[in-house]
Amino acid sequence: MYLGDKEDMKKKRIMHGLTEIAGQGYYSVLGLKKMNVDAHMVVYMPNKFGYPYDKSLNIDKSNKKLLPLYILKLLVYFFYSLFRYDIFHFHFGRSFLLNKEVWILKLFRKKILYEFHGSDVRDYKLALKRNKYFPFSGDEENQKKLKKRNRKICKIADGIIIHDYELRAYLPQKQKNVFYVPLRLDIALFAPCYPQLNVEQVTIVHAPSNSDGKGTKYIIDAIDKLKAKYPINFILVQNQTQDKAIEIYKKADIIVDQLYGGTYGVFAIEGMALGKPVITYIMEDVINTFPKELPIQSANIDNIENVLEKLILSPQLRYELGRDGRRYAENYHDYKNIAIYLKRIYDGKQEPVSTRKAFENIKEISLSEGVSNNI
């Protein structure tokens, strides 16, 4: 199944919005702009991490007193957008007006895509069945509302975008228009600092955004035990600016992300881009859908000590994993290459394929772009 027609995308005008998640909207739009595509990132409010945008509606959803004004602003911008854009790429299951206005977009023959990022689609009960380490639970009533909302989205959307196979289980099994699009990052911003082969202490870095959700307690326990046998410098990064945090990551011989989630995210990609060996938990049925050269070392709360010890004992392995990680990040997660892939989807030139095939397509783009840039 293909998405839409094959008209010249230079004539198409694209809006991403209205929620920014880990820079995915920003990097998508930035990559499209580099191809001279008319694309904009529109947000309710600026993201707390400072990701750039083209237009903010300055709508603070926590301020209930201004709700009538906010609704009016959304209505005005929605009707403006109706004549300004041809393609709407919504993030986190949110459109302008709680997805109730999408039928108007369809009436005006607009293309509509929804990109899910995690908690916006994940069924916690099913997640617990699939992943015994899954750390969260959800309010049952909210979960019912979420599933009902997403069923409607899946029926009306021209395309559903997810980052990898981990989220596929939470979409209708018969859903055909599902596109796997890897997470996006500006890899060039991360100069690789590969682990040195000769160090007096092995520096291990862990930077949890949510300690309970990342398994921090188990990581610290494992490191405390290993300190009795090996010289270890453990750095826990919290409440730091992005720039300061990256300077700390550069010093790492090993980066530990999380022990629960079942797949890898932006922090793991940043670690690979920096040329570091990365530990994070990836479920077996998910890891087999990624490219075979995925260098991430999977670990959970039951085996984190063993996985860490293996890396502590082998400087050569740390270096090789860091080198392989950098190559993996370049091949599969550079925003410029993924924007080309997104353009194919918008243009109707890319059919839905498996996760691994989608990643292979990105790598082909990466290699061809690398060749063309060197001509």
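Where is the place of Asn239? Select it and see: Asn239 sits in the loop between E9 and H8. (Helices, H or I of at least four residues, and strands, E of at least two, are DSSP runs numbered from the N terminus.) Its phi is positive, about 55°, although Asn239 is not a glycine. Asn239 is also exposed, with a relative accessible area of 84%. (Buried means under 20% relative accessible area, exposed over 50%, and partly exposed in between, with a 1.4 Å probe and protein chains only.)

Before moving on, know that this is a predicted model, where local features need pLDDT of at least 70, side-chain atom pairs count only at pLDDT 80 or more, and totals for chains, interfaces and linings use all residues. Residues are numbered from 1 along each chain as its sequence is written, and side-chain values use heavy atoms, leaving out hydrogens and water.

**Zoom out**

Show the whole chain as a cartoon: there are 14 helices and 11 strands. The radius of gyration of the chain is 21 Å, close to the 21 Å that the globule rule gives for 375 residues, so the chain is as compact as a globular protein of that length. (That radius is taken over C-alpha atoms, and the rule is 2.2 Å times the number of residues to the power 0.38.) Along its principal axes, the C-alpha trace spans about 65 × 55 × 40 Å. Of the 375 residues, 53% are buried. Take contacts (heavy atoms within 4.5 Å) between residues at least 6 apart in sequence: 70% of them join residues at least 24 apart.

**An enclosed helix**

Now select residues 266-273, which is helix H9. Eight of its eight residues are buried, so H9 is largely enclosed by the rest of the structure. Click through them: Val266, Phe267, Ala268, Ile269, Glu270, Gly271, Met272 and Ala273. What covers them? After H9 comes Gly275, with a positive phi near 80°.

Next up is helix H7, residues 216-226, where the buried residues are Thr216, Ile219, Ala222, Ile223 and Leu226. They cover an arc of only 130° around the axis, which puts them on the same side of H7. (The arc is that of the directions from the helix axis to the C-beta atoms.) Turn to the other side of H7 and you'll find Lys217 and Lys225 exposed. The cover over the buried residues of H7 includes strand E8 (202-206), helix H6 (211-214), strand E9 (232-236), E10 and helix H11 (304-312).

Pick Gly17 and Leu18: a cis peptide bond joins them, with omega about -5°. Leu18 belongs to strand E1, residues 13-18.

Then hop to Phe92, in the loop between strand E4 (87-91) and helix H3 (102-107). Phe92 is not a glycine, yet its phi is positive, about 65°. Is Phe92 buried or exposed? At 15% relative accessibility, Phe92 counts as buried.

**Last stop**

Finish at Asn36, in the loop between H1 and strand E2 (38-43). Asn36 counts as exposed at 63% relative accessibility. Draw a C-alpha to C-alpha distance from Asn36 to Tyr346: they are 310 residues apart in sequence and 15 Å apart in space.
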